[in-house]
Amino acid sequence: MNKIKTGDQVRIIAGKDKGKEGKVLAVKEGKVLVEGANMVTKHTKPSAANQQGGIIQKEAFLDASNVMYLHKGQATRIGFKMDGDKKVRVAKATGDVID
């Protein structure tokens, strides 16, 4: 079970975009795609979807260890606990259940 999920609000804590905040667009194999962060330049050939081709800016994946979950505007680590028979995520800073 991953600590960071798609749709979470996160803050980047390391790298060229340190301090930026954004929404997680995708999670894959310990990496996260954050909206508007870690922008890279990609050269694309003309195709059916993109008739023009050319140079585009897009987000690249970041390592999940370089982002922290934002809970009520505060960056916090995430833990797990059992809520009855259900495993839930918990904000370490406040102890609040996230989902």
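Q: Is Asn38 buried or exposed?
A: This is a predicted model, where local features need pLDDT of at least 70, side-chain atom pairs count only at pLDDT 80 or more, and totals for chains, interfaces and linings use all residues. Residues are numbered from 1 along each chain as its sequence is written, and side-chain values use heavy atoms, leaving out hydrogens and water. Buried means under 20% relative accessible area, exposed over 50%, and partly exposed in between (1.4 Å probe, protein chains only). Asn38 comes in at 14%, so it's buried.

Q: Which residues does Asn38 touch, not counting those up to four places away in sequence?
A: Asn38 sits in the loop between E3 and strand E4 (39-44); strands here are DSSP runs (E, at least two residues), numbered from the N terminus. A contact means heavy atoms within 4.5 Å. With those sequence neighbours skipped, Asn38 touches Lys16, Asp17, Lys58, Glu59, Ala60, Phe61 and Leu62.

Q: What is the phi of Glu29?
A: Most residues other than glycine have a negative phi. Glu29, in the loop between strand E2 (21-28) and strand E3 (31-34), counts as exposed because its relative accessibility is 78%. Although it is not a glycine, its phi is positive, at about 50 degrees.

Q: Where is Lys72 found?
A: Lys72 isn't a glycine, yet it has a positive phi of about 55 degrees. It counts as exposed because its relative accessibility is 70%. You'll find it in the loop between strand E7 (67-71) and strand E8 (74-76).

Q: How many strands does the protein chain have?
A: From the N terminus on, its elements run β-β-β-β-β-β-β-β-β-β. That's zero helices, and the strand count is ten.

Methods: Helices (H or I, at least four residues) and strands (E, at least two) are DSSP runs, numbered from the N terminus.
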